[in-house]
Amino acid sequence: MAILEIAGSCARRLAKSLTCVLLLLAAAAATADNAPVPTQIVDLANKVDGVHPGFRAFHAKGVVVEGSFKPSPEAARLSSALLFNGRSIPVTARFSDGSGMPTVPDGSPAMPRGIAIKYHLANGRDTDMVTNSFKFFPVGTGEDFRDLLQAIVASPPDAPKPTKLEQFFASHPNAPKAIGSLPIPDSFADEEYHGIDAFIFVSKSGQRQAVRYVIAPEKVVHITPEEAAKLSPDYLFSDLAKRIADKPLVFHLKAQLAEPGDQTKDASQPWPDDRKVVDLGVLTLTKVVPNSAEAERKLLFLPTSLTPGIELSDDPLPSVRTAAYGVSFGRRSQ
């Protein structure tokens, strides 16, 4: 769709809506001679996993669920965010496989699983949280993520050695470590999810604390590739539907607290394991949305969609991720 056509459509549907803005941005990016890094990232993701109209370029296979979040008293001491004011609030979440292929087998190795959460605040606004099973991200910048995807595209099975991907791994040693940290869960309900980016909590007194999110299940259960190969290609999704129909899924939202001197700008560099982790509250998921496929087409989870009391750090990835998700949303909405 041309930019003018989109603009006309947007004018008829209130041009200030987020969907229209993102459509315009995506169309403008597509006509640019030198595409910005987020657009390049989406283009490369489509080369890696193929183009699948109507689906996300990342985490294409997913399911939408609903529930609630009840914050802990400790959360309110760390942040003045409305999210943590003590009241239970509704949430919409999406579990997903990390591939851009909507038919990827759930047991595929070296693939992150994710949960994105939209917290519906009492003031009528939302704040988002995007997490996955990476314990830390393969790279720390959008440019490096683009280069990683370029290396994957340039390294087919018959590529001469050392491949571009092998060369990239040699110069970015945390990348293969991050990918190697991806075990296969027996269930979406039994996986731990990490907010790889650092954010800043601001308390009512103005105290600032760098944090990284952890979404912890009641138990963590991983299986071997051999065990996964014997299961249905959709076993994570069928299992989730059965479990949530039987009883609510319960997770604890936690925050790992940085100490003075801990860097916050590189998501490929994890903080030491001995850093304090505090419980921010309980996430209870109670049902799968009946029209999940329709709902997820309309949903957009943005790492930079924050509420006062939670701020961006100097980590560049949330802004890059938001821009890339916007490009992907614009394309799948056309």
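Rings of Phe, Tyr and Trp count as a pair if their centres lie within 6.5 Å. I begin with this rule since my first entry concerns aromatic residues. I note also that the model is predicted.

**Entry 1: aromatic residues**

I searched the whole structure for aromatic pairs and found 14. I then looked up the pair of Phe69 and Phe84, whose ring centres are 6.3 Å apart. Their planes stand at 65°, and over 60 degrees counts as edge-to-face, so I recorded the pair as edge-to-face. I located Phe69 in strand S1, residues 62–71, and Phe84 in the loop between helix H4 (73–78) and strand S2 (89–97). The two residues are 15 residues apart, and the pair links distant parts of the chain.

Are Phe69 and Phe84 buried or exposed? Phe69 has 0% relative accessibility and therefore counts as buried. Phe84 is buried as well, because its relative accessible area is 1%.

I next looked up Phe188 and Phe237. Their ring centres are 5.1 Å apart and their planes are at 85°, so this pair is edge-to-face. Phe188 lies in the loop between strand S5 (184–185) and strand S6 (193–194), whereas Phe237 belongs to helix H9 (residues 235–246), so the pair ties together parts that are 49 residues apart in sequence. Phe188 is buried at a relative accessible area of 0%, and Phe237 is buried at 15%.

I also asked which residues form one aromatic cluster with Phe69 and Phe84.

**Entry 2: charges over rings**

The charged end of Lys118 is placed over the ring of Phe301, at 5.2 Å from its centre. Arg212 lies over the face of Trp271, 4.4 Å from the ring centre.

**Entry 3: nonpolar cores**

In soluble globular proteins, nonpolar side chains tend to be buried together. I therefore examined the cores. The largest nonpolar core holds 43 residues, and those touching the most other members are Phe84, Phe95, Tyr119, Leu280 and Leu285. I listed contacts of Phe84, leaving out residues up to four places away in sequence; among them are Phe69, Pro71, Phe201, Leu253, Leu280 and Ile310. A second, separate core has 25 residues, including Ala57, Phe136, Phe137 and Ala267.

**Entry 4: the largest pocket**

I found a volume of about 1000 Å³ for the largest pocket. Its lining consists of 47 residues, of which Phe58, His59, Gly98, Pro112 and Phe145 are the closest to its centre. Which element gives the most to this lining? Helix H11 does, with eight residues. Among the other elements that each supply at least two residues are helix H3 (37–49), strand S3 (113–120), strand S4 (126–132) and helix H5 (142–153).

**Entry 5: two single residues**

I looked up Arg321, which lies in helix H11 (residues 317–333). Its relative accessibility is 13%, and buried means under 20%, so Arg321 counts as buried. Not counting residues up to four places away in sequence, Arg321 touches Val130, Asn132, Ile196, Asp197 and Pro303.

Lastly, I looked up Thr307, in the loop between helix H10 (292–298) and strand S12 (310–312). Thr307 is buried, because its relative accessible area is 8%. With neighbours within four places in sequence set aside, Thr307 is in contact with Ala81, Leu121 and Thr127.

Definitions and conventions: Residues numbered from 1 in each chain as written. Predicted model: local features only at pLDDT ≥ 70, side-chain atom pairs only at ≥ 80, totals over all residues. Heavy atoms only, no water. Helix = DSSP H or I, 4+ residues; strand = E, 2+ residues; numbered from the N terminus. Buried < 20%, exposed > 50% of the residue type's maximum accessible area, 1.4 Å probe, protein only. Contact = heavy atoms within 4.5 Å. Phe/Tyr/Trp six-rings, centres within 6.5 Å; stacked < 30°, edge-to-face > 60°. Lys NZ or Arg CZ within 6 Å of the ring centre and 35° of its normal. Core = buried A, V, L, I, M, F, W, Y, C linked by side-chain atoms within 4.5 Å. 1 Å grid on protein atoms, 1.4 Å probe; cavity = no way out; pocket = protein on both sides within 12 Å on 5 of 7 lines; lining within 4 Å. Points joined across faces, edges and corners; volume = space filled by probe spheres on them.
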